[in-house]
Amino acid sequence: MNLDIVDTTRDYTYEALEKDLKSLKKRYPFIEVSISGKSVLDKNLYSVKLGNGPNKVFFNGSHHAIEWITTPLLMKFIENFSKAYSKNKTIRGYNPRDIYKKSTIYIMPMVNPDGVDLVLNGLSQDNPYYNDLIKWNNSSTDFSKTWSANIRGVDLNHNYDASWELSKEAEALYGITGPGPTRYSGEYPESEPESKSVAEFTRSINPKLVLAYHSQGEVIYWNYMNMAPPQAKNIGQSFSKVSGYPLDEPYGITSYSGYKDWFIKDYKRPGYTIEVGKGVNPLPISQFDKIYNDNEELLLLASVI
Ligand SMILES: [Zn+2]
């Protein structure tokens, strides 16, 4: 009788991620864990590979620091999928062994580990950006409720090459002129090691479909400047049906330079931003069970669709 590895009742730091990846790999040796890049502060950007099939999909979480609840969501999915695979059991009617043959699921559970740790562990004295961070955070040393960006104050989900210039123009309207907690798109697209690693990883695996997990709103964004392929809306409707989250299209500043925007623009394939949970970020971990329950079938469906 083995206890579950991924603890979904506590805040989920980079340390928890590393520990759980190690334990999952030990219990389920068929999981492939790789380092697909480094953060500004040299933390590992881990990616997990499940399956060997030709249908490649890519799921990622925690582009935004205060949205760290999306990391345990993906980690719990890895655990439950692997457990069912090893026991040859189905999950919600899906057979992981069939999925394993048909698909390869790539998961990057924590795109922004420096930011997540800033939110959850606070600002440490030896942080090389110590003084800048306080300045960028409107002179506050409390990052726990405000910080979305990476450790250089760049919003990673505004740092992709998809109408990046429009994003830059829109920033001015919000009074954003440089690094800060949210919405600063950086000096140029993919200027940050984290967004660059995600884009390079995407280019290297060439996935058929991507999901970028965020919080909050219980909504699925599926389009980008009407460039999404014809099947994208239908697939989105299937996701909507299994999750209970309605489809929506973004407007204004949030409609540019995000990961899914870039993916849709460059690949003309289905890419989705999924906003989990409801309330004010950071969502409390007490919402985890509902969030997981809403998204488990969506994740299975996205693996085979
Ligand atoms: Zn977000």
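User: Is the crossing in which α8 passes α10 left-handed or right-handed?
Analyst: This is a predicted model, in which local features need pLDDT of at least 70, side-chain atom pairs count only at pLDDT 80 or more, and totals for chains, interfaces and linings use all residues. Residues are numbered from 1 along each chain as its sequence is written. A crossing is left-handed if the near helix is turned anticlockwise from the far one by less than a right angle, and right-handed if clockwise. On that basis the crossing of α8 past α10 is right-handed.

User: At what angle do the axes of helix α8 and helix α10 cross?
Analyst: Helices are DSSP runs of H or I with at least four residues, numbered from the N terminus, and axes are lines fitted to C-alpha atoms over the stretch in contact, with angles from 0 to 180 degrees between N-to-C directions. The axes of α8 (residues 231–243) and α10 (residues 288–304) come within 8 Å and cross at roughly 150°.

User: Which residues of α8 make the contact with α10?
Analyst: Residues are in contact if their C-beta atoms, placed from the backbone, lie within 7 Å. On the α10 side the contact involves Asp294, Asn295, Glu297, Leu298, Leu301 and Ala302, and on the α8 side Ser238, Phe239, Val242 and Ser243.

User: How far apart do the C-alpha centres of domain 1 and domain 2 lie?
Analyst: Domain bounds come from an automatic or database domain assignment, which gives domain 1 as 14–113 + 189–304 and domain 2 as 117–173. Their C-alpha centres are separated by 22 Å.

Technical notes:
Helices (H or I, at least four residues) and strands (E, at least two) are DSSP runs, numbered from the N terminus. Two residues are in contact if their C-beta atoms, placed from the backbone, lie within 7 Å.
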